[in-house]
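Here are my notes after going through the model, as numbered points. Have the structure open while you read.

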Amino acid sequence: MKPKLVRCHLNDLQILVTLSQKTYLQYYQHLWYDQGRSYIQEEFNHQTLMRQLQQDRSAFYLIDLNKKPVGYIKLNYQKGVSQFAPEKCLEVQRIYFLAHQTRKGLGSYVLRQIEKVAGNLDLSVLWLQVLERGAAEPFYLRNGYKPIGITTFVHPQIKREYQYFQVMVKLIY
């Protein structure tokens, strides 16, 4: 069966919280002195995700495969980056999959769907941040994203060598 993106609403909050915490721990524990516990408590709790679900310029989508959520994305509309005008930008803030769903073509499929969302909203600049020299960076390069700079993420529990993120952009027309 073909995967599909399903827009999240408040009634999906518990699924989103569970999926966020699980997917994050599967990939990113090693970045943190505390295995990511503090970050998860800050970013993936009910209150924070509920507030984000209610924001006008953000949207979460579940990645549904065979009627089961296997990942999710978070998009931020009209959030600018570098020299690009905010009104033309779409930030791809998160794309997370359950570990057993990787390497099945879902990531490329989701990126194509994100391009359709952007096109429907007349947004021509897609951008994201990816861990510098991390496993996902080559994937985005293969899918047409170009590096435009480095940003630093500061948190008291993140290991210093993992504070740097590549900012990448893809122009669509």
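1. Start at Asn76, which stands opposite Glu91 in β4. Another pair along this stretch is Tyr77 with Leu90, its bridge partner in β4. In total, seven bridges join β3 to strand β4 (residues 89-97), and the two run antiparallel. Bear in mind that this is a predicted model, so take every number below as computed from it.

2. Now the other neighbour of β3. Strand β2 (residues 58-65) pairs with β3 in the antiparallel sense, over eight bridges. If you want a pair to look at, Leu62 stands opposite Tyr72 in β3. The hairpin of β2 and β3 has two residues between the strands, and Asn66 there takes a positive phi near 55 degrees.

3. How well covered are these strands? Strand β3 (residues 68-77) is mostly covered, with eight of its 10 residues buried. β4 is mostly covered too: eight of its nine residues are buried.

4. β4 also has a partner in β5, and here the sense is parallel, over three bridges.

5. Most residues other than glycine have a negative phi. Gln78 is not a glycine, yet its phi is positive, about 55 degrees. You'll find Gln78 in the loop between β3 and β4. Its relative accessibility is 31%, so Gln78 counts as partly exposed. Asp122 is the other one: not a glycine either, with a positive phi of about 60 degrees. Asp122 sits in the loop between α4 (106-120) and β5 (125-131). Is Asp122 buried or exposed? Exposed, because its relative accessible area is 51% and the cut-off for that class is over 50%.

6. On to α1. Does its length fit its residue count, or disagree with it? At 1.5 Å a residue, the 16 residues of α1 should span 22 Å, and the end C-alpha atoms are 22 Å apart, so the two agree. The buried residues in α1 are Leu13, Leu16, Val17, Leu19, Ser20, Thr23 and Tyr24. An α-helix has 3.6 residues a turn, so residues three or four places apart point the same way. With that spacing in mind, go through the list on screen. The buried residues of α1 pack against α2, α3 (46-53), β2, β3 and β4.

7. Thr48 belongs to helix α3, and at 8% relative accessibility it counts as buried, because buried means under 20%. Which residues does Thr48 touch, leaving aside its neighbours within four places in sequence? They are Glu42 and Glu43.

8. Glu137 lies in helix α5 and counts as buried, at 13% relative accessibility. Leaving aside neighbours within four places in sequence, Glu137 is in contact with Val130, Leu131, Glu132, Gln166 and Met168.

9. Last, the largest pocket. Its volume is about 1,300 Å³. The lining of the largest pocket has 40 residues, and those nearest its centre are Tyr28, Ile95, Tyr96, Ala136 and Tyr140. At least two lining residues come from each of α1 (13-28), α2 (37-43), β4, α4, β5, α5 (137-142) and β6 (146-152). Which element gives the most to the lining of the largest pocket? That is β4, with seven residues. By type, the lining of the largest pocket divides into 22 nonpolar, 11 polar and seven charged residues.

10. β4 is joined to β3 by seven bridges and to β5 by three, and β4 gives the most to the lining of the largest pocket.

How values were computed: Residues are numbered from 1 along each chain as its sequence is written. This is a predicted model: local features need pLDDT of at least 70, side-chain atom pairs count only at pLDDT 80 or more; totals for chains, interfaces and linings use all residues. Side-chain values use heavy atoms; hydrogens and water are left out. Buried means under 20% relative accessible area, exposed over 50%, partly exposed in between (1.4 Å probe, protein chains only). Helices (H or I, at least four residues) and strands (E, at least two) are DSSP runs, numbered from the N terminus. Two strands pair if DSSP finds at least two bridges between them. On a 1 Å grid over the protein atoms alone, a cavity is a set of points where a 1.4 Å probe fits but cannot get out, and a pocket is an open set with protein on both sides within 12 Å along at least five of seven lines; lining residues have an atom within 4 Å of a point. Grid points are joined across faces, edges and corners, and a volume is the space filled by probe spheres set on the points. Ala, Val, Leu, Ile, Met, Phe, Trp, Tyr, Cys and Pro count as nonpolar, Asp, Glu, Lys and Arg as charged, and the others, Gly among them, as polar. The expected span of a helix is 1.5 Å times one less than its number of residues. Contact means heavy atoms within 4.5 Å.
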